[in-house]
Amino acid sequence: MLDIDKIRSEFPILKRVVNGKPLVYFDNAATSQTPQVVIDAIVDYYANYNANIHRGVHTLSQEATDKYEEARLKIRKHFNAKKSHEIIFTSGTTHSINIIATGFTSLLNKDDEIIVSALEHHSNIVPWQMLCDRTGAILKVIPMNEEGELVLSEYDNLLSNKTKLVFVNHISNALGTINPIEEIIEKAHAVGAAILIDGAQACPHIKPDVQKLNVDFYVASAHKIYGPTGVGMLYGKEEWLNKLPPYQGGGEMIKEVTFEKTTYADLPHKFEAGTPNICGGIAFGVALDYANAIGFDTIEKREMELLKYGTEKLLEIEGLKIYGTSKNKTAVISFNIDKIHPYDIGTIVDKLGVAVRTGHHCAQPIMDFYKIPGTVRASFSFYNTKEEIDVLVSAVKKAKMMLN
Ligand SMILES: *Cc1c(COP(=O)(O)O)cnc(C)c1O
């Protein structure tokens with residue numbers, strides 16, 4: 001069981017007052033909040049051992065290098081990668097995806113096919129469109145149904161020996177749908193395609209095992225897993241990372257440089273040009289320690305309770321429609337009321353201290369599917385409470401009264 005008062009006291013931001021009201025933070029799918037231990041790790045780095053890593057012989061540089069590499073080991077362990085050099089530090093999910101999309105330029109031919117899903121975030125659509133422009137490859141889309149689930153029978157029809165790459169998110173950020181990635185991965189491999197899973201939205205709730213999933217690439221951002229912004233990870237199977245060319249040229253990623261020829265460094269450094277977000281990487285490791293100490297089973301159980309309660313309470317409001325009604329979903333509730341614009345609801349509930357997201361959630365194709373401009377999205381984390389959901393519900397009722 002979760003000692004919720006203790007947990008909440010570990011997140012200093014949850015004590016904030018917004019517009020004269022206690023903050024109710026329901027925008028966890030955009031970024032999660034950061035516990036004090038993670039904030040302390042950031043302060044400790046800058047106060048005590050801020051130095052550039054890998055190149056220095058001096059003590060501070062070695063301390064920083066050790067902590068940074070220790071964080072890589074924590075990430076390896078968390079995701080159960082076979083080797084620590086299969087974990088690449090990046091600036092986040094978007095950066096990780098772009099490393100792969102750019103890398104595949106030399107591996108694809110005209111008329112090869114890439115499959116994505118209708119539930120993708122823009123950061124998972126645009127890099128593949130750009131890759132298709134460069135290579136003449138063709139983008140195919142697994143469609144979705146009214147519940148916000150992928151139609152897997154259509155996926156079967158899209159797969160062929162022309163398929164070279166499949167890209168699907170683990171959990172949809174706009175609707176919360178948990179996609180059946182085990183099956184999607186297996187089917188991609190059956191036609192010889194590589195598969196990349198975007199775990200940005202899954203990792204706050206689920207602990208993925210990349211070896212068990214047998215996935216080729218898996219990506220995530222620290223800031224959605226109780227860590228800082230500007231840092232993330234790319235897991236890739238060693239043989240794939242060796243096949244892909246480096247993304248950026250610069251310091252750290254080379255073995256030897258002359259004006260005639262440069263040889264690249266071994267993994268993981270081949271993909272880590274320049275001075276990285278050292279402090280962010282270390283804090284990412286601390287955030288994973290924090291979440292693992294609570295336990296992902298406990299986190300999931302608590303969030304499912306909040307989802308059930310929130311769904312029931314919100315549906316009591318007349319005219320409220322929830323988008324994304326899969327039985328397999330995380331604690332994300334995307335909704336609209338009658339013809340009221342989501343932005344107007346978001347603005348009014350903010351006046352009452354409630355932070356929700358409004359708009360297309362970087363997933364315009366999903367909004368087009370439902371023929372709506374966007375939704376109001378309330379996304380819960382384990383540190384939220386039923387009392388906070390009551391505040392949301394009464395704020396939404398008030399907004400409805402004012403806007404109708
Ligand atoms: C947030 C998110 C991204 C983008 O992550 P960044 O940290 O902004 O790079 C990609 N995909 C999904 C599903 C997301 O939720």
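How far apart do the C-alpha centres of domain 1 and domain 2 lie? They lie 29 Å apart. This is a predicted model, in which local features need pLDDT of at least 70, side-chain atom pairs count only at pLDDT 80 or more, and totals for chains, interfaces and linings use all residues. Residues are numbered from 1 along each chain as its sequence is written, and side-chain values use heavy atoms, with hydrogens and water left out.

Domain 1 covers 4-27 + 295-403, and domain 2 covers 49-292. These bounds come from an automatic or database domain assignment. In contact across the two domains are 34 residues of domain 1 and 30 residues of domain 2. Contact means heavy atoms within 4.5 Å.

The table lists polar contacts, pairs of N or O atoms within 3.5 Å.

| Side chain | Ligand atom | Distance |
|---|---|---|
| Thr 94 | oxygen | 2.6 Å |
| Asp 198 | nitrogen | 2.5 Å |
| Ser 221 | oxygen | 2.7 Å |

Taken alone, the ligand exposes 390 Å², and the protein buries 85% of that. Accessible areas come from the Shrake-Rupley method with a 1.4 Å probe.

Technical notes
Polar contact = N/O pair within 3.5 Å; in protein donor to acceptor, adjacent residues only side chain to side chain.
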